[in-house]
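Welcome! Have the sequence and the 3D view ready as you read.

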Amino acid sequence: MTAEYRIAEDRLGGEPTLAVSAPDDSARVVLALRGATLLSWQVRHGAAGPLKELTDGYRDEKELLSQDGVRAGLLAPFPNRVADGRYHYDGHDHDLLPGHHEDRTIYHGFAREAPFELVHTTATADSARLLLRTTSVRPERHPGYPFALDLEVEFTVTARELSIEIRAANVGDTTAPYAAGWHPYFTLSRPIDDLALHIPAHTLIRTDASLIPLPGEDALLPLDDCPDMDFRVPKRLGDAVIDACYADLTPGADGRIETVLTDPATGEELRVWQYGGYMHVFTGDTLARDRRASIALEPVETMTNAFNRPEHVAALDLEPGRRREFSFGVGYAASGS
């Protein structure tokens, strides 16, 4: 009988988790049900080497609950920030932070803290699939977001790849603004300075001091005019400080857009892929712990503050009874493997 991937229940402190292991123990993934959050992704380095940690996730229950750094958070119903916590949609003004008068910062939606449940698993000799679901996005749960969504997240784990599809269904009776993304941190060596980055983007999103994109066309900066931020040709990160969104991404022949992180010293690489959208990059310079030990490579459907940008309305609209998917993931390769 052929051995299959194993899926086991576990805990991180008091938080329920799921551990996925390859039949030969060459890959291991740990997910928290809170936020359907990736806590760890380990892959065997070499034919008989040890497991290597490729993400920089929450290490304990306290970190998971604090959400500092949004480590591997699923971003829905909006990625990144909404300016001043307010937006205008379908003729109505909405305030995501009612009663807050000083700190009006809100970012990365509600899914990253939502209670997910395991709905279904499939395990074979080659892969494991896990389907998680939450029904927690409801009008009475989140001020300023009077819409009802069911969210599903499907993880597929193989020997060298982690694939994710997030799906949102509008179960309410009004059209909802919605976009998704993912906020993982990756590491091949520490610090990240000697790693090389390749981003197949032609445009940088220009922002103000609060990291909110400038209005209209002023937000679009051709990378030909900004060589320091241009990674169309792979180059060493060095001491670059980046917290920026890249647009006009060029897909490969199969439609996948790939952002590639490489360790020139070992030949290892991570290929963060997505279908459509934008790539947000954060070099981790302001993290509470282990600054610049990892880099956030974030596939997102829309740019920051899309809820307040007229050109994004059509992309955001999720009509009653309709569903939308966003697919992304990451693959690992090592020299000789």
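In this predicted model, strand S22 (residues 268-274) and strand S26 (residues 323-333) run antiparallel and are joined by 6 bridges.

As background, strands of a sheet pair through backbone hydrogen bonds, either parallel or antiparallel.

Next, the nonpolar interior. In soluble globular proteins, nonpolar side chains tend to be buried together. Here the largest nonpolar core has 82 residues, and those with the most contacts inside it are Trp41, Tyr145, Tyr178, Trp182, Tyr246 and Leu261. Strand S11 (residues 149-157) gives the largest share of this core, 5 residues. Another core, of 9 residues, lies apart from it and includes Leu75, Ala219, Ala247 and Met303.

Beyond its neighbours within four places in sequence, Leu261 is in contact with residues including Phe186, Leu188, Leu195, Ile295 and Leu297. Its contacts also include Glu268, Glu269 and Leu270, and strand S22 covers residues 268-274.

Now for the charged pairs. How many salt bridges does a search of the whole structure find? The search finds 30.

| Salt bridge | N to O distance |
|---|---|
| Arg289 and Asp56 | 3.2 Å |
| Asp150 and Arg138 | 2.7 Å |
| Arg292 and Asp285 | 2.7 Å |

The pair of Arg289 and Asp56 links distant parts of the chain, 233 residues apart. Arg289 sits in the loop between strand S23 (278-282) and strand S24 (295-300), while Asp56 sits in the loop between strand S5 (51-53) and H1. Are these two residues buried or exposed? Arg289 counts as buried at 14% relative accessibility, and Asp56 counts as buried at 4%.

Asp150 is partly exposed, with a relative accessible area of 21%, whereas Arg138 counts as buried at 18%. In the pair of Arg292 and Asp285, both residues are buried.

Some salt bridges share partners. In this way Asp56, Arg59, Glu63, Arg71, Arg190, Arg289 and Asp290 are joined into one network.

A last stop is Glu61, found in helix H1 (residues 61-66). Glu61 is partly exposed, with a relative accessible area of 27%. Which residues does Glu61 touch, not counting those up to four places away in sequence? They are Leu12, Gly13, Gly14 and Glu15. Glu61 and Gly14 are 47 residues apart in sequence, yet their C-alpha atoms are 7.1 Å apart in space. The side chain of Glu61 reaches the backbone nitrogen of Gly14 at 3.1 Å.

Methods: Residues numbered from 1 in each chain as written. Predicted model: local features only at pLDDT ≥ 70, side-chain atom pairs only at ≥ 80, totals over all residues. Heavy atoms only, no water. Pairing = 2+ DSSP bridges. Helix = DSSP H or I, 4+ residues; strand = E, 2+ residues; numbered from the N terminus. Core = buried A, V, L, I, M, F, W, Y, C linked by side-chain atoms within 4.5 Å. Buried < 20%, exposed > 50% of the residue type's maximum accessible area, 1.4 Å probe, protein only. Contact = heavy atoms within 4.5 Å. Polar contact = N/O pair within 3.5 Å; in protein donor to acceptor, adjacent residues only side chain to side chain. Salt bridge = Lys/Arg side-chain N within 4 Å of Asp/Glu carboxyl O.
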